[in-house]
Amino acid sequence: MAVDEKLDVSGLACPMPIIKTKKAIAAMKIGETLEIIATDAGSKADLPAWAQSTGHHYVGLIEEGAVLKHYMRKCDVTMTNEMHFKSTITNEELLKISPKPNIIDVRESIEYDFGHIKGAVSMPLGELALKLASFDQEQTYYLICRSGTRSDLACKLMVDHGFKHIVNVLPGMQSITTDLEKNI
Amino acid sequence: MTNKVAIIASNGGLFDAYKVFNIATAAAATEKEVAIFFTFEGLNLIHKEGMHHLQVPVGGEGFIEGFSKANVPTIPELVDMAVELGVTFIACQMTMDVMGITADQLLDGISVGGAVTFLEFAKDAAPSLSF
């Protein structure tokens, strides 16, 4: 798993995994992901609850025997989720399009690995500007992220670079839980 | 939605201390504003000497080994973390007077106040907890 930081809290009991996670996240940049290696079984409930409460994003868990690997992405908790891009489509409308549409998933690769729409191309927002040449300006692309905020920025970026048919998918992957393809 | 957690610590044993400081540090680490009002035996938990010798309740001796096995931090360590995370400690003035405890016997930097000091903080706190 590609992560920006790692935190080992193996052997530590509650509340230490939470306290150390808070400190580690505080020192990171928005959008970066943290791998938390824990053995406290309570962390399976506590870390998602901590994310829910603080506004950060609990990406997922990989269990390797008694070792729990949690993935947490630092979010901008002050962000108001304002979206500007006008051309949008709902999750449901997107999933009904036939033949299969071109979907670009602009979340981090680790989020993509934990579950994405079958056929969606992974292109993290931070890399999109450098890889625009791999897309066709005449084609229609549907951009998706977790909540619509990053894909909103990505839509604007693509239109600014001459793409003609760009659509933002709302509310995004956070509301799609079935039929996901995983790379883990 | 309120972002405050208000805790009353009114008992002075080792298990009481863990209940108070585990919840307090977990809440503070979850970006909550936390205040603990220490009253009666609860003052023991922030007493410079007393906090190092907290009693295990009768019948609970068997759990002592469990604390080290589960790698649980000591109470002084949890107190340091609580302070570092910005938890506010309020010592009850009335109890201090009754029990003959002076501010210099308690942890440095804590505030001393009456019931209203705590109530003012707790008026819009959710949850409010008592241990």
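What is the order of the strands in the open sheet of chain A, and is the pairing parallel or antiparallel?

Guide: The model is predicted. In chain A, the open sheet has five strands in the order S5-S10-S9-S6-S8, and their pairing is parallel. Its edges are formed by strand S5 (88-90) and strand S8 (121-122), each of which pairs on one side only. On the S8(A) side, the partner is strand S6, residues 102-105 of chain A; the two run parallel and are joined by two bridges. Within this pair, A:Ile104 stands opposite A:Val121 of S8(A).

Strands of a sheet pair through backbone hydrogen bonds, in either a parallel or an antiparallel sense. The antiparallel sense is found around strand S4 of chain A, with S2(A) and with S3(A). S4(A) covers residues 67-73 and is mostly covered, with five of its seven residues buried. Strand S2 (residues 33-38) of chain A pairs with S4(A) over six bridges, and here A:Leu34 stands opposite A:Met72. Strand S3 (residues 57-64) of chain A pairs with S4(A) over seven bridges, and A:Glu64 stands opposite A:Val67. S3(A) and S4(A) form a hairpin with two residues between the strands, where A:Gly65 takes a positive phi near 65°. As for side chains, those in a regular strand alternate between the two faces of the sheet.

That leaves the contact with the other chain. Here 13 residues of chain A are in contact with 16 residues of chain B. The area buried between the two chains is about 1100 Å², and carbon and sulfur atoms give 64% of it. On the chain A side, A:Pro15, A:Ile19 and A:Lys22 lose the most area to chain B, together 36% of what that side buries.

Two salt bridges are counted between chain A and chain B. One salt bridge joins A:Lys22 to B:Glu31, with the closest N and O atoms 3.4 Å apart. The elements giving two or more residues to the side of chain A that touches chain B are helix H1 (16-26) and helix H2 (43-54) of chain A. H1(A) provides the largest share, five residues. By class, this side of chain A has eight nonpolar, three polar and two charged residues.

Key:
Residues are numbered from 1 along each chain as its sequence is written. Chains are lettered from A and ligands numbered from 1 in the order in which they are written. This is a predicted model: local features need pLDDT of at least 70, side-chain atom pairs count only at pLDDT 80 or more; totals for chains, interfaces and linings use all residues. Side-chain values use heavy atoms; hydrogens and water are left out. Contact means heavy atoms within 4.5 Å. Buried area is the accessible area (1.4 Å probe) that two parts lose on being put together, summed over both. A salt bridge is a side-chain nitrogen of Lys or Arg within 4 Å of a carboxyl oxygen of Asp or Glu. Helices (H or I, at least four residues) and strands (E, at least two) are DSSP runs, numbered from the N terminus. Ala, Val, Leu, Ile, Met, Phe, Trp, Tyr, Cys and Pro count as nonpolar, Asp, Glu, Lys and Arg as charged, and the others, Gly among them, as polar. Buried means under 20% relative accessible area, exposed over 50%, partly exposed in between (1.4 Å probe, protein chains only). Two strands pair if DSSP finds at least two bridges between them.
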